[in-house]
Amino acid sequence: MSRALTLYRRLLRTARTWDGGEVERYYIRQQARSGFEANRTLKSPTEIENAITEGEQRLEVGLHYKNPYPRPHYSDPGTLGGEADLKRQTKKVHPKAGHRAKATRGQAFKW
């Protein structure tokens with residue numbers, strides 16, 4: 001319980017001393033309040049711990065990047081979950097070429 005109160009106080013203190021404009025300060029206060037209100041009914045200690053950890057991480061990321069808004073989730077097009085039509089074009093690797101392929105690449109550019 002004390003970690004939750006400490007986190008809430010840190011969030012409000014951050015909102016009060018935020019260098020951005022009033023809109024960003026209001027956003028930080030509003031997100032802190034709505035986040036704590038949404039998690040008010042949590043009973044499981046693991047769920048509470050996860051919610052507090054998530055809040056602490058979000059606060060640290062916001063302070064580090066000086067941006068109170070959540071970071072967008074990025075999905076690399078060449079990985080699972082990325083857009084299928086944007087798949088990364090990779091060169092085929094010939095394992096038998098080995099060091100010969102590397103040597104020829106290095107010889108193309110000389111000083």
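The model is predicted: local features need pLDDT of at least 70, side-chain atom pairs count only at pLDDT 80 or more, and totals for chains, interfaces and linings use all residues. Residues are numbered from 1 along each chain as its sequence is written, and side-chain values use heavy atoms, with hydrogens and water left out. The protein contains 4 helices and 0 strands, and its elements run α-α-α-α from the N terminus on. Helices (H or I, at least four residues) and strands (E, at least two) are DSSP runs, numbered from the N terminus.

**Overall figures**

- Of the 111 residues of the protein, 14% count as buried; buried means under 20% relative accessible area, exposed over 50%, and partly exposed in between, for a 1.4 Å probe and protein chains only.
- Among contacts (heavy atoms within 4.5 Å) between residues at least 6 apart in sequence, 57% join residues at least 24 apart.

**Packing of H1 against H3**

- The axes of helix H1 (residues 2-17) and helix H3 (residues 45-65) come within 10 Å and cross at roughly 25°, which makes H1 roughly parallel to H3.
- Axes are lines fitted to C-alpha atoms, for helices over the stretch in contact, and angles run from 0 to 180 degrees between N-to-C directions; angles under 35 degrees count as roughly parallel, over 145 as roughly antiparallel, 65 to 115 as roughly perpendicular and the rest as oblique.
- The crossing of H1 and H3 is left-handed, a term for a near helix turned anticlockwise from the far one by less than a right angle.
- On the H1 side, the contact involves Arg3, Ala4, Leu7, Arg10, Leu11 and Thr14, which meet Glu49, Ile52, Thr53, Gly55, Glu56, Leu59, Glu60 and Leu63 in H3.
- The residues of this contact of H1 with H3 comprise 6 nonpolar, 3 polar and 5 charged; Ala, Val, Leu, Ile, Met, Phe, Trp, Tyr, Cys and Pro count as nonpolar, Asp, Glu, Lys and Arg as charged, and the others, Gly among them, as polar.
- Thr14, found in helix H1, is buried at a relative accessible area of 12%.
- Leaving aside residues up to four places away in sequence, Thr14 touches Leu59 and Leu63.

**Packing of H1 against H2**

- H1 and H2 pack at an angle of about 165° with their axes 8 Å apart, which makes H1 roughly antiparallel to H2.
- H1 passes H2 in a left-handed crossing.
- Ala4, Leu7, Tyr8, Leu11, Leu12, Ala15 and Arg16 of H1 make the contact with Arg25, Ile28, Arg29, Ala32, Arg33 and Phe36 of H2.
- The residues of the contact of H1 with H2 divide into 9 nonpolar, no polar and 4 charged.

**Aromatic pairs**

- Rings of Phe, Tyr and Trp (its six-membered ring) pair if their centres lie within 6.5 Å; planes under 30 degrees apart count as stacked, over 60 as edge-to-face and the rest as tilted.
- By this rule the count comes to 2 aromatic pairs.
- The rings of Tyr8 and Phe36 have centres 4.9 Å apart and planes at 70°, so this pair is edge-to-face.
- Because Tyr8 lies in helix H1 and Phe36 in helix H2 (residues 22-38), the pair ties together parts that are 28 residues apart in sequence.
- Tyr8 is partly exposed at 26% relative accessibility, and Phe36 is partly exposed at 28%.
- The ring centres of Tyr27 and Tyr69 lie 4.6 Å apart with planes at 50°, so that pair is tilted.
- Tyr27 lies in helix H2 and Tyr69 in the loop between H3 and helix H4 (98-107), so the pair ties together parts 42 residues apart in sequence.
- Tyr69 is partly exposed, with a relative accessible area of 34%.
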